[in-house]
Amino acid sequence: MATTIAPTQLTTTVQETITLNGVTFNSANTRVVTSITNYVNNVFNVDTGTQAIISLSRSGVAPRNGEYDIDNVKYLRLTNADDTTDIKIIMGYVTSADQFVMLKAGGSFVLTDFEVTAGDTIETISITTAANVDIPYAIGLTS
């Protein structure tokens, strides 16, 4: 029997609560990404040094084995599960200079509804670390 996965929505919420001088401040930002048909959730075990963890196809180009179709990636979260080691997340572009984000121990990096252009696209996401770290991740894709 054939099965069909119905597109659904992925909801993420970032919430902040702080009390300063007896006054509590609350803030929440909820983002809904629609038409998700595939959700990948796992852990990368990254050794000391630099390691590519995610390969992406160029915009408008069919993905090869092991690549995610960049046109279908609508949500990406990487979490640094280490309690002491900071990491560098490197976004390797096809033609532009690579960009990076330093992620402190315990922190998360999230991209939602990002746009890509045919001229230049993120091709790889790599991690640079001074110690072995675990990186839980989630990817939400449309078909």
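**Cavity, sheet and one threonine**

Author: The largest cavity has a volume of about 50 Å³. A cavity here is a set of points on a 1 Å grid over the protein atoms alone where a 1.4 Å probe fits but cannot get out; the volume is the space filled by probe spheres set on the points, which are joined across faces, edges and corners.

Reader: How many cavities of 30 Å³ or more are there?

Author: The count is 1. Bear in mind that this is a predicted model, where local features need pLDDT of at least 70, side-chain atom pairs count only at pLDDT 80 or more, and totals for chains, interfaces and linings use all residues. Residues are numbered from 1 along each chain as its sequence is written, and side-chain values use heavy atoms, leaving out hydrogens and water.

Reader: Which residues line the largest cavity?

Author: I54, L56, I70, V73, L76, L111, F114, I122, I125 and I139, counting residues with an atom within 4 Å of a point. Strand 4 (49–57), strand 6 (73–79) and strand 10 (122–129) each give two or more residues to that lining. Strands are DSSP runs of E, at least two residues, numbered from the N terminus.

Reader: Which faces does strand 9 have?

Author: A covered one with F109 and L111, and an uncovered one with S108, V110 and T112.

Reader: And what order do the strands of the open sheet come in?

Author: 3-11-6-9, with antiparallel pairing. Strand 3 (38–46) and strand 9 are the edges, each pairing on one side only.

Reader: Switching topic: why does T142 count as buried?

Author: Because its relative accessibility is 15%, and buried means under 20% relative accessible area (1.4 Å probe, protein chains only). T142 lies in the segment after strand 11 (133–141).

Note on methods: On a 1 Å grid over the protein atoms alone, a cavity is a set of points where a 1.4 Å probe fits but cannot get out, and a pocket is an open set with protein on both sides within 12 Å along at least five of seven lines; lining residues have an atom within 4 Å of a point. Helices (H or I, at least four residues) and strands (E, at least two) are DSSP runs, numbered from the N terminus. Buried means under 20% relative accessible area, exposed over 50%, partly exposed in between (1.4 Å probe, protein chains only). Two strands pair if DSSP finds at least two bridges between them.
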